[in-house]
Amino acid sequence: MHILAISGSLRPNSTNKLLIQAVADRLPETVTLTLFDGLDNLPHFSPERDTDPPLPPVEHLRQSIAQADAVLICTPEYAFGIPGVLKNALDWTVSTVLMNHKPVGVMSASPGYAGGERAMASLLPTLQALDTRIPEGGALVVSSVKSKLALDGTITDVPTDVALRTLVAGLVGLMNTSHESY
Ligand SMILES: Cc1cc2nc3c(=O)[nH]c(=O)nc-3n(C[C@H](O)[C@H](O)[C@H](O)COP(=O)(O)O)c2cc1C
């Protein structure tokens with residue numbers, strides 16, 4: 001089984017990317033995870049650009065989602081919402097059924113005390129509009145992230161470690177259920 005991870009942060013040293021790696025480190029051996037590499041190349045969404053066949057960067061996004069059994073989104077909070085690049089990518093999936101019923105794990109990490117909560121509050125309705133399936137424990141806000149993560153990505157906070165394992169268990173469980181129902 002395969003998970004496609006999407007980081008809402010484009011930064012090479014992103015804490016959200018470190019959290020994605022922390023999830024990858026906690027996956028069972030039967031599950032692989034790759035980080036989507038094309039967020040920065042997507043054109044700005046506009047309905048008349050949603051052509052058939054799709055523009056190559058859009059096709060790359062859609063193929064990557066189609067080939068994944070689940071999607072993991074991990075995003076910073078920008079101005080109390082999600083970064084435009086992430087919303088743009090999600091908008092490119094709206095005219096497809098690719099995200100419908102797709103198991104999705106979602107995390108938002110911020111150095112702020114209440115950081116991540118508003119990004120999450122903004123992202124969840126979008127994922128609902130896309131008809132995704134988020135497992136119990138599958139939406140994780142990591143506030144004050146710099147006190148929970150070492151520079152090499154090691155999780156130094158026990159409750160965060162437990163929450164990550166809960167997210168992984170929920171997502172893998174949902175992936176297994178999806179496979180059984182086909
Ligand atoms: C333009 C901009 C807006 C931001 N807005 C918020 C915000 O509203 N709330 C918050 O908690 N952090 C905010 N931050 C801080 C980010 O959450 C922080 O930089 C975070 O570490 C970025 O994630 P990354 O390390 O994965 O790139 C903002 C950062 C930038 C650059």
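Two strands count as paired here if DSSP finds at least two bridges between them, and the strands (E, at least two residues) and helices (H or I, at least four) are DSSP runs numbered from the N terminus. This is a predicted model: local features need pLDDT of at least 70, side-chain atom pairs count only at pLDDT 80 or more, and totals for chains, interfaces and linings use all residues. Residues are numbered from 1 along each chain as its sequence is written, and side-chain values use heavy atoms, with hydrogens and water left out.

**View 1. The open parallel sheet.** Five strands line up in the order S2-S1-S3-S4-S5, with parallel pairing. At the edges sit S2 (32–35) and S5 (139–142), each pairing on one side only. Ignoring direction, neighbouring strands are turned by 20° against each other on average (axes are lines fitted to C-alpha atoms, for helices over the stretch in contact, and angles run from 0 to 180 degrees between N-to-C directions).

**View 2. S1 meets S3, with H1 packed on the sheet.** S1 (residues 2–7) and S3 (residues 70–75) pair in the parallel sense over 5 bridges. Look for Ile 6, whose bridge partner in S3 is Ile 73. Helix H1 (residues 15–25) packs on this sheet, touching S1, S2, S3, S4 (104–109) and S5, where contact means heavy atoms within 4.5 Å. The direction of H1 makes about 140° with that of S4.

View 3. Of the 14 residues around the ligand, Ser 9, Arg 11, Ser 14, Asn 16 and Ser 110 come nearest (a residue is near if one of its heavy atoms lies within 4 Å).

View 4. A polar side-chain atom of Glu 77 sits 2.8 Å from a ligand nitrogen, while a backbone N or O atom of Ala 79 lies 2.9 Å from a ligand nitrogen. Phe 80 puts a polar backbone atom 2.8 Å from a ligand oxygen.

View 5. Most residues other than glycine have a negative phi, and most peptide bonds are trans. Ala 79, in the loop between S3 and helix H3 (84–91), has a positive phi near 50°. A cis peptide bond joins Asp 52 and Pro 53, with omega about 5°; Pro 53 lies in the loop between S2 and helix H2 (56–66).

Conventions
Polar contact = N/O pair within 3.5 Å; in protein donor to acceptor, adjacent residues only side chain to side chain.
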